[in-house]
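Here are my notes on the model, as numbered points. Have a look at the fold and then read on.

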Amino acid sequence: MPAVLQADCANCFALCCVALPFARSTDFAVDKPAGTPCANLKQDFRCAIHTGLRDKGFQGCTVFDCFGAGQQVSQVTFGGHDWRTHPGTSRQMFEVFPVMRQLHELLFYLTEALTLAPARPVHAELRRALAETEELTRSDAGTLAAADVGARRAAVNALLLKTSDLVRATVPGRKKNHRGADLMGARLSGANLRGATLRGAYLIAADLSRADLRTADLIGADFRDANLSGADLTDSIFLTQAQLNAARGDAATRIPPALTRPPHWS
């Protein structure tokens, strides 16, 4: 995956630690409103508890991924002018960041779709959508703030659905359809989910140990605290680093080469 779609915290003004809100829960130890710096944020935009986030109740921070939106807003949209030394930029910067994050997520999926050979019939449409979305990410702050991201997401999603159908059609036999299904806590150990669609499925705390998830569509699946020990996700499509970070796995879990094994996995 291109570096531009990977978070580069060293070139970001800690936008996720300020612009976004979070509520006290199992993911966050405290409440924080949008636009307010986290109490753990230092003056140099670094986190004071970065190495102990999970131990101190900030598991949500270790799961979040901006897909590179942070450095794009910080260094491109606002030309390296940070919100501390240029407080006049803060309101619009914090408004633009969630928009850019959604656009970069779309770029992530479109980029992956273009690497999938079975989706070749829609590659031309995917390239056009990629170019249009990239162009929007280079717009000024006003244009970004006014962008109809919902409409763009809908258009891209239609292409990603076509991509998914083409890729999963290469798997012989009947494929399971769990799109949007409530599978929280489900016992799916060793399940054959090859070529299945799990788009938007709720898999919180599900047991997917040793499950076969090759060529499965995992876009938007909620893997919080899901057990992926020994599972095979090597050729799964639209899986993100954030989804892996939210799950539990082990040394036997097989993941796509573009992603990284989370450090908290055993």
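1. Start with α2 (69-77), where Ala69, Gly70, Gln71, Gln72, Val73, Ser74 and Thr77 are buried. "Buried" here is under 20% relative accessible area, with exposed over 50% and partly exposed in between (1.4 Å probe, protein chains only). Seven of the nine residues of α2 are buried, so the rest of the structure largely encloses this helix. Helices are DSSP runs of H or I, at least four residues, and are numbered from the N terminus.

2. Before you go further, a caveat: this is a predicted model, in which local features need pLDDT of at least 70 and side-chain atom pairs count only at pLDDT 80 or more, while totals for chains, interfaces and linings use all residues. Residues are numbered from 1 along each chain as its sequence is written, and side-chain values use heavy atoms, leaving out hydrogens and water.

3. What do the buried residues of α2 pack against? Their partners are α3, α4 and α5 (141-145), with contact meaning heavy atoms within 4.5 Å. Just after α2, Gly79 has a positive phi of about 55 degrees.

4. Two phenylalanines deserve a look for their backbone. Most residues other than glycine have a negative phi. Phe67, in the loop between α1 and α2, has a positive phi near 60 degrees, and at 2% relative accessibility it counts as buried. Phe45 sits in the segment before α1 (59-63), with phi near 70 degrees, also positive. Phe45 counts as buried because its relative accessibility is 19%.

5. Now α6 (residues 149-168): at 1.5 Å a residue, its 20 residues should span 28 Å, and the end C-alpha atoms are 27 Å apart, which agrees. (The expected span is 1.5 Å times one less than the number of residues.) Val149, Val156, Leu159, Leu160, Thr163, Ser164, Val167 and Arg168 are buried in α6. Seen down the axis, the buried residues of α6 fall within an arc of 160 degrees, taken from the directions from the helix axis to the C-beta atoms, so they line one face of the helix.

6. That buried set packs against α3 (90-113) and α4 (123-137). α3 and α6 pack at an angle of about 15 degrees, with axes 11 Å apart; axes are lines fitted to C-alpha atoms over the stretch in contact, and angles run from 0 to 180 degrees between N-to-C directions. That makes α3 roughly parallel to α6, the cut-off being under 35 degrees. Among the residues that meet are Leu103, Leu106 and Leu110 in α3 and Val156 and Leu160 in α6.

How values were computed: Angles under 35 degrees count as roughly parallel, over 145 as roughly antiparallel, 65 to 115 as roughly perpendicular and the rest as oblique.
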